[in-house]
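This briefing is intended for a reader who is meeting the structure for the first time. Please keep the sequence and the model at hand while reading.

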Amino acid sequence: MNIKSILLPAIISLVAFVHCGKSEMQENIPSSGFLTSNLVDGDSLKLVNFFIPTSYDIEGSLAPGTYYGQKRRLAQLQEIKDSSRNEPIKWDIRAALANENQNMFKSDEAQGSENIRTKIDELNFDNGNTNVADDIASLADSLVQSSQANYRNIAANGTAGMITTGDKKRHVSANGLEYAEILEKSLYGALLYDQMVDDYLSDSQSGVDNEEGNNILSAEDYELYGTERQHKFDEAFGYFGADAATYPNQANSSNGDGIFLANYTFDFSDETEAMYGVNLAKATMNAFIVGRSVLKAGQGNDFSQESINEELFNAARADIKLYVEAGMAASAIHYLNEAITDESEAEKLHHLSEALGFIYAMSFNSDGRFTPEESHNALTALGWSTTDSSLNGIYGINLWEVSDEQMYAAIDIIDESFPGFKNAGF
């Protein structure tokens with residue numbers, strides 16, 4: 001079907017959906033209503049030559065398109081996460097991050113030449129400084145070595161070993177750091193989040209400054225990847241971790257048909273919908289679909305069509321960045337709230353480790369609401385080094401001794417960037 005033959009009905013219905021209930025929303029939005037979608041002001045936008053499917057359909061309406069490398073790295077991260085829960089850990093996680101000899105993984109989905117390490121080495125956030133990848137590799141070594149040496153111990157303040165939360169045993173350092181959680185969430189930031197918001201959603205990748213543009217004839221392999229801008233946008237979607245056909249599922253239940261960032265964006269959508277009128281998961285997926293549809297509508301054999309609906313594309317891109325960041329902020333506050341109310345030290349250590357990981361992960365966004373400096377301030381409130389904002393700053397924290405007052409202080413710092421989040425019931 002020729003996309004140019006499909007005009008405005010779909011986009012009109014979408015804009016009507018976004019506007020629906022706006023007056024009711026604003027009664028409950030605290031502060032400036034910062035979660036209001038950038039897509040709601042449709043009056044000033046050019047809605048031309050448009051079709052919007054109901055899913056991120058890169059095999060149908062939005063075809064061609066693919067994000068194989070992102071799927072493979074997510075599968076690799078899943079195996080690393082799963083292996084880090086075994087005691088003692090016998091796998092070389094540092095080597096797995098680099099996929100040494102390209103034979104580190106068991107699942108078909110994770111096998112291949114791609115690896116996690118090189119993507120962190122090219123970190124857009126710090127201009128390719130490999131220190132972050134080195135720090136994460138060192139954290140992986142600490143996890144493996146401590147697990148092998150101390151898995152028979154019962155953890156205590158000053159003694160590395162095992163804690164028990166529910167029916168799960170977890171390994172912590174002598175300072176109560178659950179290395180596995182901090183490793184996983186650090187990779188959310190340095191791999192998934194940075195690649196998504198600071199790389200593939202940037203002006204030079206999926207945006208207007210991509211030199212090859214949205215032009216069919218200049219694409220590397222249009223029949224496989226689509227145009228260059230479409231391919232970069234697809235890669236951003238791949239790092240989000242959502243099921244293209246079903247996220248979020250209509251019942252808004254289970255895990256929402258997503259993993260990692262998509263899962264945590266989903267987890268607190270009910271609360272943001274109740275307080276702000278914005279369901280994070282639905283709004284993020286809507287923005288991905290709209291943004292990709294703009295690129296599909298604007299593709300051509302020359303550069304004359306590329307600016308069609310560009311304002312709408314930028315609005316969709318802004319929504320994605322906002323709502324994924326909000327999901328991470330909600331996750332951090334949620335785990336701090338859990339740690340404050342936990343009755344056992346083991347639960348407190350587990351939830352504090354998750355909170356630290358999320359706050360650190362949020363620093364990998366050079367233009368977010370929550371700046372790297374604010375991330376460090378929140379971490380410092382919990383005992384992170386005041387002079388070292390890198391991952392190495394975590395080793396000075398003793399989680400056994402973090403007080404409720406410190407956790408409330410960290411929540412307040414996050415709430416300054418996300419007004420009302422501390423009262424949203426996360």
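The points below cover confidence, helix packing, the strand pair and some backbone details.

The model is predicted. Its protein chain has a mean pLDDT of 89, and 87% of the residues reach 70 or more. The helix pairs described here are H13 with H16, H9 with H13, and H14 with H15. Strands E1 and E2 form a hairpin.

**Confidence**

- The pLDDT is below 50 over residues 1-29.
- Beyond near neighbours in sequence, the stretch of residues 1-29 has 37 contacts in the model.
- Where pLDDT is low, the predicted coordinates should not be read in detail.

**Helices H13 and H16**

- Helix H13 covers residues 310-341 and helix H16 covers residues 404-417; the two pack with their axes 10 Å apart, at an angle of about 160 degrees.
- An angle over 145 degrees counts as roughly antiparallel, and H13 and H16 are therefore roughly antiparallel to each other.
- The crossing in which H13 passes H16 is left-handed.
- On the H13 side, the residues that meet H16 are Ala 329, Ala 332, Ile 333, Leu 336, Asn 337, Ala 339 and Ile 340.
- On the H16 side, the contact is made by Asp 404, Met 407, Tyr 408, Ala 410, Ile 411 and Ile 414.
- Of the residues in the contact of H13 with H16, 11 are nonpolar, one is polar and one is charged.

**Helices H9 and H13**

- H13 also packs with helix H9, which spans residues 228-240; their axes lie 12 Å apart and the angle is about 20 degrees.
- Because angles under 35 degrees count as roughly parallel, H9 is roughly parallel to H13.
- H9 and H13 form a left-handed crossing.
- Arg 229, Phe 233 and Phe 240 of H9 meet Glu 310, Phe 313, Ile 320 and Val 324 of H13.
- The contact of H9 with H13 comprises five nonpolar residues, no polar residues and two charged ones.

**Helices H14 and H15**

- The axes of helix H14 (residues 345-361) and helix H15 (residues 372-381) come within 8 Å, crossing at roughly 160 degrees.
- H14 and H15 are therefore roughly antiparallel to each other.
- H14 passes H15 in a crossing that is left-handed.
- From H14, Leu 356, Ile 359 and Tyr 360 meet Ser 375, Ala 378 and Leu 379 from H15.
- The residues in the contact of H14 with H15 are five nonpolar, one polar and no charged.

**Strands E1 and E2**

- Strand E1 (residues 161-165) and strand E2 (residues 168-172) run antiparallel and are joined by five bridges.
- His 171 in E2 is the bridge partner of Met 162.
- Two residues lie between the strands of the E1 and E2 hairpin, and Gly 166 in the turn has a positive phi of about 60 degrees.

**Cis peptide bonds and a positive phi**

- The peptide bond from Glu 87 to Pro 88 is cis, and its omega is near -5 degrees.
- Pro 88 sits in the loop between helix H3 (68-83) and helix H4 (93-98).
- The peptide bond from Tyr 247 to Pro 248 is cis as well, with omega near -20 degrees.
- Pro 248 lies in the loop that runs between H9 and helix H10 (261-267).
- Asn 99, a residue other than glycine, has a positive phi, near 50 degrees.
- The loop between H4 and helix H5 (117-121) holds Asn 99.

How values were computed
Residues numbered from 1 in each chain as written. Predicted model: local features only at pLDDT ≥ 70, side-chain atom pairs only at ≥ 80, totals over all residues. Heavy atoms only, no water. Axes fitted to C-alpha atoms, helices over the stretch in contact; angles between N-to-C directions. Helix = DSSP H or I, 4+ residues; strand = E, 2+ residues; numbered from the N terminus. Parallel < 35°, antiparallel > 145°, perpendicular 65-115°, else oblique. Left-handed = near helix turned anticlockwise from the far one by under 90°. Contact = heavy atoms within 4.5 Å. Nonpolar A, V, L, I, M, F, W, Y, C, P; charged D, E, K, R; others polar. Pairing = 2+ DSSP bridges. pLDDT = per-residue confidence, 0-100.
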